[in-house]
Amino acid sequence: MFFQPGADNPSSKLHQAFVLVTLCHVFVSIVLLALYYFSNIYYFYRFGFLQLVWDILFHTVIIYLTGGVDSQFKFLYWLTIIHASILFLKPGAIYVAAISALLYGILANLAFFNSIPDLLEDLKSISNNWPEQKVTISIIVNAGACFLIAYLSAFVSGRMYQVERLLEEKNTEVKNLETLMERSKHLAAIGEMAARIAHEIRNPLTSLSASIDLLNEKSNMEHAEAKLFAIIKKETRRLNQLLTDFLSFSRPSESQKQMICLSQVLVESISNFQAGYPHVTIDCKMTLENEMEIYIDPKQINQVLINGLKNASEAMDLKGNIVVHLKEYDSVYYRIVIEDFGPGMDAGMKDKVFEPFHTSKIKGTGLGLSIVKGIVSSHRGRVSLRDKENQKGCELVIDLPKERL
């Protein structure tokens, strides 16, 4: 027992004071807790700080009543410091450690110099005749212990906080991935069904187109009928092109990459394109020095270039001039720029040009640039479409890596 209560014992007053201080501490704690629950969450940290300050004051009184420097209750400061590290991490632990060390130092000095108020003089359970060296060492050791506990508890609390945040982030990522997987499965099923439907539509469409060509060969067809057949043939080809683009977008061919010069693929693509678009002229400018072979799929890059040239020609109503640049952009990429002289992009289309089925052209399918972006991305490249500076037209910029990334 640290004190012995009794009617004729001086310690009875000590016991009464101890009980009184404890009851006051419990009462104030209950009041703070009630204020916290019935007030705005905004004041959480304020109530936490008040509780910590009150705990330190209470512990200081308990230490005084149980012997001051000789008290075995100095560890109560450590519990408050650990509590502060949990609530406020390192700053809170350091502040509480400093306040605890300060109050204990003040208490020890007041007791050493017999400066305790007379009201409490008869409550001291142990004599204050401590040597100066003992008081000094006690203050230093207590301060060191408080700051050591503050550092260790703040370190552990900080790690626990980081782990908790990391777990929350991982849980959020897992939930997002699960949502994306469910959505991907749903979209994959829809895409598979749409691809099958498109393939089944394409077969009778081919027969229909061949039948229209045969009927169109009749020599005795009237002018009105010939005009109608021309419209049917045109729309049939447009529908067939849409199905072709859709199948390419939904079921991209397997990549068969090889080492090849990009200029060779570009020349072949321009030659193939000009055969189908005789009213479009292409000026190819290649400014490469010591060109090296790169690892690409020639067929897929050919499709990228054909789609890019087709997009530029459609922007100029299938007639006009296209300028193609092939150059070394930097030490990592070769750059292809397909430049047209059309009216440019609408303001509302700039953020949607690579999304499927978004097009401002009457003859376009809205899938050409989407296919371009998919193929270039699979080659670890970059692609963008931008308005030209100080003149009409657009530039399709394609960057392909020189080496495998």
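**The mixed sheet and its surroundings**

In this predicted model, five strands form an open sheet of mixed pairing in the order β2-β4-β5-β7-β6, where strands are DSSP runs of E of at least two residues and helices are runs of H or I of at least four, both numbered from the N terminus, and where two strands pair if DSSP finds at least two bridges between them. Because β2 (280-287) and β6 (382-387) stand at the edges with a single partner strand each, one side of each is left without a neighbour in the sheet. Neighbouring strands are turned by 15 degrees against each other on average, direction ignored, with axes taken as lines fitted to C-alpha atoms (for helices over the stretch in contact) and angles running from 0 to 180 degrees between N-to-C directions. Residues are numbered from 1 along each chain as its sequence is written. Since the model is predicted, local features need pLDDT of at least 70 and side-chain atom pairs count only at pLDDT 80 or more, whereas totals for chains, interfaces and linings use all residues; side-chain values use heavy atoms, with hydrogens and water left out.

Within the sheet, β2 and β4 (residues 320-328) pair in the parallel sense over eight bridges, and Thr281 has Asn321 in β4 as its bridge partner. Antiparallel pairing joins β5 and β7 over seven bridges, with Tyr333 bridged to Pro401 in β7, and likewise joins β6 and β7 over six bridges, where Val383 stands opposite Ile398 in β7. The β6 and β7 strands form a hairpin with six residues between them, and Asn390 in the turn has a positive phi of about 65 degrees.

Strand β7 is largely enclosed by the rest of the structure, because eight of its eight residues are buried, buried meaning under 20% relative accessible area, exposed over 50% and partly exposed in between (1.4 Å probe, protein chains only). Both of its faces are covered, with Cys394, Leu396, Ile398 and Leu400 buried on one side and Glu395, Val397, Asp399 and Pro401 buried on the other. Helix α8 (residues 298-315) lies across β2, β4, β5 (333-339) and β7 (394-401), running at about 30 degrees to β5, while helix α9 (residues 368-378) packs on the sheet and touches β6 and β7, its direction making about 140 degrees with that of β6; contact here means heavy atoms within 4.5 Å.

Two charged side chains are placed over aromatic rings, a charge being so counted if NZ of Lys or CZ of Arg is within 6 Å of the ring centre and within 35 degrees of the ring normal. Arg382 lies over the face of Tyr333 at 4.1 Å from the ring centre, and the charged end of Lys388 sits over the ring of Phe341, 3.5 Å from its centre.

Aromatic pairs number three, under the rule that rings of Phe, Tyr and Trp (its six-membered ring) pair if their centres lie within 6.5 Å, with planes under 30 degrees apart counted as stacked, over 60 as edge-to-face and the rest as tilted. Among them, Tyr77 and Tyr104 form an edge-to-face pair, 6.5 Å centre to centre with 80 degrees between the planes, and both residues are buried. The rings of Phe273 and Tyr277 are stacked, because their centres are 4.4 Å apart and their planes at 15 degrees; Phe273 is buried at 2% relative accessibility, whereas Tyr277 is partly exposed at 21%.
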